[in-house]
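Subject: Structure handover

Hello,

Here is the structure for your files. My notes on it follow below.

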Amino acid sequence: MHRHEFLELLAGCIAIGACGAPVTMAAAPAQRSPAGSRPKIRAICFDLFTLFDPRSVVTVARELVGEPATALCETWRSRQFEYGFLRAAAGQYQDFRAVTSQALDYAARAQKVSLSSEQRESLVEAYSQLEPWPDTRERLLDFKKAGLHLAPLANYSPRMLSSLLAHARLEPLFDAQISTDAARSFKPDPRAYALGPSTLKLKREEIAFAAFGGWDAAGARWYGYPTFWVNRLAVTPEALAPGPDATGPTLAELAQFVAEW
């Protein structure tokens, strides 16, 4: 199936309501040109958690530490991002695996959970063995058949990123694997988002960005990507303007967004 045929098919799905929940457009899509004058979307960059369920880590933690797993993982996840943002802002970069390890050490102390070295390694490694969302493979195949270039654009270190895609057997579906490690920073640093155009050799206006977190949707929109927020867990939108161009709960709505753009 050629790209134009895929987009026509998606447009038909939109018209008859066959592609799932409707796309919710942002309340104030500031400073966007009319649809007819926009460059065509030729690629999609994905935050990894739009493709993989981060809650997989909690399942591993529950097997290792039992009841404290949920609180441990909540504290861990919070510190993971805080440490990443702090290091990027302070110019004290260490890659995401190091940040993940440091955040786990804090979370274990905070929740008074004793971890052996083997348990600690298993938990960190769990981020490289996440389960894909149910629609991931099918939708990626559809995007590929449409001729779109695909790449994760992730805060993961290169080794974590390649391990995750290999574990899920999704490597062949991507044209590139983009780790923000190449910018020695993390999203939402504009230098991190800029790796998309420089790697794919396209203009930012030609690359849709699929965000999992509201903060990532804001950062990508501020950078200039056509931005879709895949709000898998129905969380509250961030009070950051302008927000994403559109939002929806699955990759089906992302496909609609690409077709409509």
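Helix α2

In helix α2 (residues 56–65), the buried residues are S56, V57, A61 and V65. They lie on the same side of α2, because the arc they cover around the axis is only 145°. That arc is taken from the directions from the helix axis to the C-beta atoms. An α-helix has 3.6 residues a turn, so residues three or four places apart point the same way. The buried residues of α2 pack against β3 (52–53), α3 (69–90), α5 (117–126) and β4 (131–132). G66 follows α2 and has a positive phi, near 75°.

Basis and terms

This is a predicted model, in which local features need pLDDT of at least 70 and side-chain atom pairs count only at pLDDT 80 or more, while totals for chains, interfaces and linings use all residues. Residues are numbered from 1 along each chain as its sequence is written, and side-chain values use heavy atoms, with hydrogens and water left out. Helices (H or I, at least four residues) and strands (E, at least two) are DSSP runs numbered from the N terminus. Buried means under 20% relative accessible area, exposed over 50%, and partly exposed in between (1.4 Å probe, protein chains only). Contact means heavy atoms within 4.5 Å.

Helices α3 and α4

The axes of α3 and helix α4 (residues 96–110) come within 8 Å and cross at roughly 135°. Axes are lines fitted to C-alpha atoms, for helices over the stretch in contact, with angles from 0 to 180 degrees between N-to-C directions. The two helices, α3 and α4, are therefore oblique to each other; angles under 35 degrees count as roughly parallel, over 145 as roughly antiparallel, 65 to 115 as roughly perpendicular and the rest as oblique. Residues of α3 that meet α4 include L72, W76, Q80 and Y83, and their counterparts in α4 include F96, V99, T100 and A103.

Q80, in helix α3, is buried with a relative accessible area of 0%. The side chains of Q80 and T100 are joined by a polar contact of 2.9 Å (a pair of N or O atoms within 3.5 Å; within protein, one must be able to donate a hydrogen and the other to accept it, and residues adjacent in sequence count only if both atoms are side-chain atoms). Leaving out residues up to four places away in sequence, Q80 touches F96, V99, T100, A103 and Y127.

T180 sits in the loop between β6 (178–179) and α8 (190–193), and T180 is buried, with a relative accessible area of 0%. Its side chain reaches the backbone oxygen of S185 at 2.9 Å.

Regards
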